[in-house]
Amino acid sequence: MFGMPHQLPNQAMTTIPPAMGQPGAPLSGPSKIDPNQIPRPIPNSSSIVYETRQGNSANPPPPATSDYIVRDTGNCSPRFMRCTINQIPCTADLLSTSAMQLALLVQPMALPHPSEDPIQVVDFGESGPVRCSRCKGYINPFMKFIDQGRKFICNLCGFTDDTPRDYHCNLGPDGRRRDADERPELCRGTVEFVASKEYMVRDPMPAVYFFLIDVSMNAVQTGATAAACSAINQVISDLPEGPRTLVGIATFDSTIHFYNLKRALQQPLMLIVPDIQDVYTPLQTDVIVQLSECGQHLEILLENIPTMFQSSKTAESCFGAAIKAVFLAMKSTGGKLLVFQSVLPSVGIGALSSREAEGRTNISAGEKEAHKLLQPADKILKTMAIEFAEYQVSVDVFVTTQTYVDIASISVIPRTTGGRVYYYYPFSAVSDSAKLYNDLRWNITRPQGFEAVMRVRCSQGIQVQDYSGNFCRRIPTDVDLPGIDCDKCILVTLKHDDKLQDGSECSFQCALLYTTVYGQRRIRVSNLSLPCTNMLSNLFRSADLDTQFACFLKQAASEIPTSPLVQAREQVTNFCINILLSYRKFCATVSSSGQLILPEALKLLPLYTLALIKSTGLRNDGRIDDRSFWFNYVSSLSTPLAVPLVYPRMFAIHNLNAMEGDEAVLPPILPLSSEHVSDEGIYLLENGEDALIYFGSSVDSSILQQLFGFTSVDEVPTQYVIQQYDNPLSKKFNDVVNVIRRQRCSYLRNAVLLMHGRRQECKWPFLR
């Protein structure tokens, strides 16, 4: 089929034979897969240098989870944009036969490796960057100049344009412009253009940070209010310096309290908004002020807020009304709204009820209706979120709770405005305050932008089918992002609208127009050009495992709130089965029916699929809020974090002293199987968001003493914070944890402890 014989001498594949009994003995019963033959992830031991193009052709990228240093030689770094297949099928039929996804995972502001060259900034002055006059694609290395450089052909739509007179340059003998290697936009896959005035509907917005803190009785008593105030107080010094940085503070319980932070006042003045149905805001210039003018007032206020409300008996929360009131104050500028929420919003606009309790009592509804609890309770918050996005207000919600808060409804606000939900359940002031501070600090200090618009353009024959992620969409072609940062990833699904030519290249261009935190308007453009093929075997050979899995993980997560769980799990399984069936049917050599035949590039797909089925989102025995957070977290998750989320890394930490050298390095990664866990061992597992420590039943008491300060597992406290003790083993353990934190750009929630024989305490489903 598709011009391809059944036997492919150069086709790499993995064959897993059935498990056998004694040599020559007949099999008794059905054959089983030999577990020793099952493929396992093999991590790279060291960094590799990856050139994006060599010899005028695209280089397949290294695995997203590996350690690599990119040399941009025409295609953008795979950190910014990865395709699920690194050769594009020429027809929709060929893609359908493969059963694979064709999509891009776009992370336009992804963090580079420290050893990589910075992105070049190009300023074309008042005229702005050179663009195709038909499709508006930006100048890039794949546009072809002709007629001695006087014209250029767009690689996206094929239109021939005149070269602007001040951009003209003669061509060399190879047909390239003589200045191509000196112009970043003609030799680099990613560049950043300085935006001219035509890209601005208003002056670039200031950097506005507004902190909204829950001071209801539960929040105060659990220490959540004090933890939030302490975290904010510590990060104020990390905000961008200069007159363009504005801040504001408000608190809420059953009413809303703004604070006048003007320097002229001796102390901050509380302004109460009691109406939580038809909210209003005090004078904006009183509640949002320059950071340079209110630093001392801010510090005093944040120190006093926990004390001010310590005797409060108000249990209600007017979350919806509070964010609406703050939005009215931010409406003219836009900015970041950071909300600290601890209880279910129970009064005012967007008040919610405890649907989780209703779900438990109404068991007769069965599993068919269970997924509806994962949908927003009503459209009120969604309508508000769309208005927030229109006025460039991005919302992040830090949920510090010990009860159900209906994340399915609350999360609509951050998902629509380019923010995210941070979830600390059950919140402990002892063990979670450090993570809350570090999450808030990274949220504010990471590379990010405001009032962004993103569009992906494709070559003729391919078009964008849909976008998926945390954003608002008012027109089909553009994604509106009131906030965009280095952690946000957007799934762009693609489809054919015509046949592609075998041997040609298909181009993709992602353009992100945004405002930097220092008020500069920029256009970040990333380009990717991949070969087209008519051969099904080439599709399987060039499949990108991490991106295929991340794509399907996101699609499965988006189905969870709208489909019965059985259907979602079946869809996950069928996705894997259909790919393997297509490969076996059309690409593999003739083999025994008892053998499992896997394409080499996708040999870990069955393992990851099984792990996904066990994950929090696809289980029916978890809390509603846990499942809601899971699929919200997945919606903007980057490709390198997709696999660890369902298939964590595991390290032995009891024998760290055996590692040579003083340099902080990670110990070998162990397979997630029981034969690699000993009763004498202690193991650290991490999935990018949480950390877990597993103790064997016969751990040496001296090792326990060195690592954790106690001599028996029975002495482990329920709320444990990792500490460093004065011994080499403890230092190495803390070094390992800190290396992981830096890799993941996440503090990791303080270790959840899993003791031998008490597995029910573990919230990680794959270990149950």
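Which residues does L553 touch, not counting residues up to four places away in sequence? In this predicted model, L553 touches L612, W630, V634, L637, A642, L645 and V646 once residues up to four places away in sequence are left out. L553 also belongs to the largest nonpolar core, which comprises 143 residues. Together with I88, L104, I256, L337, M454 and F508, L553 is among the residues that touch the most other members of that core. In soluble globular proteins, nonpolar side chains tend to be buried together.

At the level of the whole protein, the predicted model contains 21 helices and 32 strands. The radius of gyration is 28 Å, close to the 27 Å given by the globule rule for 768 residues, and the protein is therefore as compact as a globular protein of that length. The C-alpha trace spans about 80 × 80 × 60 Å along its principal axes. Of the 768 residues, 57% are buried. Among contacts with a separation of 6 or more, 73% are accounted for by residues 24 or more positions apart. The accessible surface of the protein amounts to about 32,100 Å², and carbon and sulfur atoms contribute 50% of this area.

Strand β19 was examined with its two pairing partners. This strand covers residues 335-341, and seven of its seven residues are buried, so β19 is largely enclosed by the rest of the structure. Parallel pairing over five bridges joins β19 to strand β14 (residues 207-214), and within this pairing F340 of β19 is the bridge partner of I213. Strand β20 (residues 393-400) likewise pairs with β19 in the parallel sense, over seven bridges; here V339 stands opposite V397 of β20. L337, one of the residues with the most contacts to other members of the largest nonpolar core, lies within the residue range 335-341 of β19.

A further arrangement involves antiparallel pairing. Strands β10, β11 and β12 form an open sheet in the order β10-β11-β12. Its edge strands, β10 (144-146) and β12 (160-162), each pair on one side only. From one strand to the next, the twist averages 30°. Three bridges connect β10 with β11 (residues 151-153) in the antiparallel sense, and F145 has F152 in β11 as its bridge partner. In general, strands of a sheet pair through backbone hydrogen bonds, either parallel or antiparallel.

Terms used. Residues are numbered from 1 along each chain as its sequence is written. This is a predicted model: local features need pLDDT of at least 70, side-chain atom pairs count only at pLDDT 80 or more; totals for chains, interfaces and linings use all residues. Side-chain values use heavy atoms; hydrogens and water are left out. Two strands pair if DSSP finds at least two bridges between them. Helices (H or I, at least four residues) and strands (E, at least two) are DSSP runs, numbered from the N terminus. Axes are lines fitted to C-alpha atoms, for helices over the stretch in contact, and angles run from 0 to 180 degrees between N-to-C directions. A nonpolar core is a set of buried Ala, Val, Leu, Ile, Met, Phe, Trp, Tyr and Cys residues joined through side-chain atoms within 4.5 Å. Buried means under 20% relative accessible area, exposed over 50%, partly exposed in between (1.4 Å probe, protein chains only). Contact means heavy atoms within 4.5 Å. The radius of gyration is taken over C-alpha atoms; the globule rule is 2.2 Å times the number of residues to the power 0.38. Accessible areas come from the Shrake-Rupley method with a 1.4 Å probe; for residues, only the protein chains shown count as cover.
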